[in-house]
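Please look through the model below before you read on. Keep the sequence at hand while you do.

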Amino acid sequence: MKKIIFLLPLLGLMSCYDAEHNCKDFKTGKFKFEFEVNGVKKTTVFERKDNIEIETFDGKTDTSTVRWVSDCEYILQKKHPKNMAEEKAISMKILTTSKDSYTFEFGMVGSEEKQRGTVVKIE
């Protein structure tokens with residue numbers, strides 16, 4: 001019984017912990033996102049200004065519109081899609097932030113399937 005009484009305040013303190021959310025710090029700037037495809041490390045660099053995001057990946061540059069739904073959520077839509085898959089909007093949600101990076105969740109709008117990643121602010 002003593003253990004339970006000791007654990008209750010500890011659990012209460014832990015539930016008060018809130019992940020850092022300084023999303024406004026990441027609305028504009030230049031960023032880098034690294035990920036793996038079939039065991040190969042890939043990097044994409046993108047710059048976000050207001051409602052535009054310009055991404056460079058594998059030597060190709062693409063532009064998307066950015067529509068902020070809240071301080072920590074936005075929708076990306078390619079301006080010049082080249083196929084049906086690129087026509088689908090992507091939902092982005094910033095989960096946690098640190099001084100120069102953020103962890104986010106993303107997926108096609110309307111899809112339950114989500115992935116996570118970490119973006120680093122480089123400028």
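The numbered points below go from the overall layout to single residues.

1. **Ground rules.** This is a predicted model, so to speak of local features, pLDDT of at least 70 is needed, side-chain atom pairs count only at pLDDT 80 or more, and totals for chains, interfaces and linings use all residues. Residues are numbered from 1 along each chain as its sequence is written, and side-chain values use heavy atoms, with hydrogens and water left out.

2. **Layout.** The chain has two helices and eight strands. Helices (H or I, at least four residues) and strands (E, at least two) are DSSP runs, numbered from the N terminus. Read from the N terminus, the order is α-β-β-β-β-β-α-β-β-β.

3. The chain has 123 residues, and 24% of them count as buried. Buried means under 20% relative accessible area, exposed over 50%, and partly exposed in between (1.4 Å probe, protein chains only). A contact means heavy atoms within 4.5 Å. Take the contacts with a separation of 6 or more: 26% of them are between residues 24 or more positions apart.

4. **The core.** A nonpolar core is a set of buried Ala, Val, Leu, Ile, Met, Phe, Trp, Tyr and Cys residues joined through side-chain atoms within 4.5 Å. The largest one here has 15 residues. Those with the most contacts inside it are F31, F46, Y74, M92, Y102, F104 and V119. Strand 7 gives the most, with three residues. As background, nonpolar side chains tend to be buried together in soluble globular proteins.

5. What does F46 touch, not counting residues up to four places away in sequence? Its partners are G29, K30, F31, F33, E53, I54, E55, Y102 and V119.

6. Two strands pair if DSSP finds at least two bridges between them. Strand 4 (residues 60-70) and strand 5 are antiparallel and joined by six bridges. They form a hairpin through two residues. T65 stands opposite Q77 in strand 5. Strand 5 is also antiparallel to strand 6, with four bridges. There, I75 has S91 as its bridge partner.

7. Strand 6 and strand 7 run antiparallel, with seven bridges between them. Three residues separate them in a hairpin. K93 is bridged to E105 in strand 7. Strand 7 then pairs with strand 8 (residues 115-121), also antiparallel, through six bridges. T103 stands opposite T118 in strand 8. This hairpin has six residues between its strands, and G110 in the turn has a positive phi of about 90°.

8. The largest pocket has a volume of about 910 Å³. A pocket is an open set of points on a 1 Å grid over the protein atoms alone, where a 1.4 Å probe fits, with protein on both sides within 12 Å along at least five of seven lines; lining residues have an atom within 4 Å of a point. Grid points are joined across faces, edges and corners, and the volume is the space filled by probe spheres set on the points. Strand 7 supplies the largest share of the lining, five residues. By class, the lining has 13 nonpolar, eight polar and nine charged residues. Here Ala, Val, Leu, Ile, Met, Phe, Trp, Tyr, Cys and Pro count as nonpolar, Asp, Glu, Lys and Arg as charged, and the others, Gly among them, as polar.

9. **S64.** Beyond four places in sequence, S64 is in contact with N51, I52, E53, L76, Q77, K78 and K79.

10. **Two aspartates in loops.** Most residues other than glycine have a negative phi. D50 has a positive phi, near 50°. D50 is found in the loop between strand 2 (40-49) and strand 3 (52-57). D50 is exposed, with a relative accessible area of 61%. D58 also has a positive phi near 50°. D58 is found in the loop between strand 3 and strand 4, and D58 is exposed at 52%.
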